Amino acid sequence: MNAALEIAARDLRRMFAGPLAWSALALMQLVLGLFFFLTFLWDFGHKQALLVGAKSSFGITAYVAAPLFKTAALLMMLLLPVLSMRTLAEERRNGTMALLLSSPVSMSAIVIGKYLSLLAFMALMTLMVSLMPLSLALGGTIDFGLITSAMLGLFLSLATFSAAGVYASSLTNQPGAAAVATLAILLTLWFAHTSSTGAEGSAAHLLQWLSLTRHVDALMLGVFSSVDVAYFLILIAPFLVFAVRRLD
C-alpha cells in the first residue's frame with residue numbers, strides 16, 4: 001500500500017507541475033459558474049413566485065444544486081479522458097513503464113497508485129464544485145442532506161470515470177487512443193438505458209441497471225440507496241482488476 005501511495009503522490013505532483021490540471025480546474029469552475037449564475041440561479045429567481053404557489057414546489061437546493069452537479073458530471077465525462085489518458089499509456093510510450101516494472105512494486109500497486117492520483121484530483125474537483133451550491137446558505141436555507149447526496153453522486157461518478165480511464169490507458173501506448181476508448185466506455189455506460197427500449201424482459205432490466213444515468217439521478221435528487229452506491233463499486237473494481245491483468 002505504501003508503494004501505491006508513493007506512486008499516487010508522484011503522479012499528483014507531476015499532474016500539478018504542468019498546466020493541464022490547473023487548466024482543467026479553471027475551465028470547470030468557469031463553465032459551471034456560468035451555468036450556476038446565468039442559468040440555474042437566474043431561472044430560479046424568475047420562477048420563484050410560481051414555485052412558491054405550486055403544490056409541489058421545488059426548493060432552491062433541488063432547483064439549482066441538483067442540476068449543477070449533474071452538469072458537472074457530464075462535463076467531467078468529456079474532460080476526464082484527457083486527464084486519464086496519460087496514467088499508463090504515456091508511461092509505456094516514454095519507456096518509463098520499464099522502470100516501474102523493474103522496481104520492487106507489484107502490478108496492483110502501480111494501478112492503484114495511478115488510480116488514487118486521479119481520485120484525489122476528482123475529490124478536489126468535487127469540493128470546488130460544491131462551494132457554489134453551499135454559498136446559497138449565505139442568503140437562505142438550503143437542504144444540506146440533498147447537497148451531501150449530490151456530492152456523493154458526483155464523486156462516485158468521477159471515481160467510476162477514473163477507473164475506466166485507467167483501464168483504457170492500460171490497453172495502448174498511445175494517449176490519444178486511450179482518451180477515445182475512455183470516452184467510448186463512458187458514453188456506453190451513460191446512455192445504456194436508451195438501448196433498453198428495443199429490448200425485452202431481463203435484457204431491458206439489465207441495460208437499465210447498467211445505465212450510469214439512473215443511479216446518478218437518484219443521488220443527485222437526494223435519494224440515497226445502498227444499491228446505487230454498490231453499483232459504482234461494482235463497476236470500479238472490475239476496471240482496476242482488468243487493468244492489472246492487462247499489465248500482467
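Before I start, I need the cut-off: I call a residue buried when its relative accessible area is under 20%. I also keep in mind that this is a predicted model.

Aromatic pairs. I looked up the ring pairs and got 6 for the structure. I picked out Y167 and F239: their ring centres are 6.0 Å apart and their planes sit at 35°, so I note the pair as tilted. Y167 belongs to helix α7 (residues 144-170) and F239 to helix α11 (residues 226-247), so this pair ties together parts that are 72 residues apart in sequence. Buried or exposed, Y167 and F239? I checked, and both are buried. I also found a cluster, in which ring pairs link F16, W22 and F121.

Y115. I then listed its contacts, skipping neighbours within four places in sequence. Y115 touches A159, S162, A163, V166, I236 and L240.

Helix α3. I went back to this one for its geometry. α3 has 25 residues and spans 34 Å from first C-alpha to last, close to the 36 Å expected at 1.5 Å a residue. Where is the kink in α3? I place it at L78, with a bend of about 40°, shortly before the proline P81.

Conventions
Residues numbered from 1 in each chain as written. Predicted model: local features only at pLDDT ≥ 70, side-chain atom pairs only at ≥ 80, totals over all residues. Heavy atoms only, no water. Contact = heavy atoms within 4.5 Å. Helix = DSSP H or I, 4+ residues; strand = E, 2+ residues; numbered from the N terminus. Expected span 1.5 Å × (residues − 1). Bend = angle between axes of the 7 residues up to and from the residue. Phe/Tyr/Trp six-rings, centres within 6.5 Å; stacked < 30°, edge-to-face > 60°. Buried < 20%, exposed > 50% of the residue type's maximum accessible area, 1.4 Å probe, protein only.
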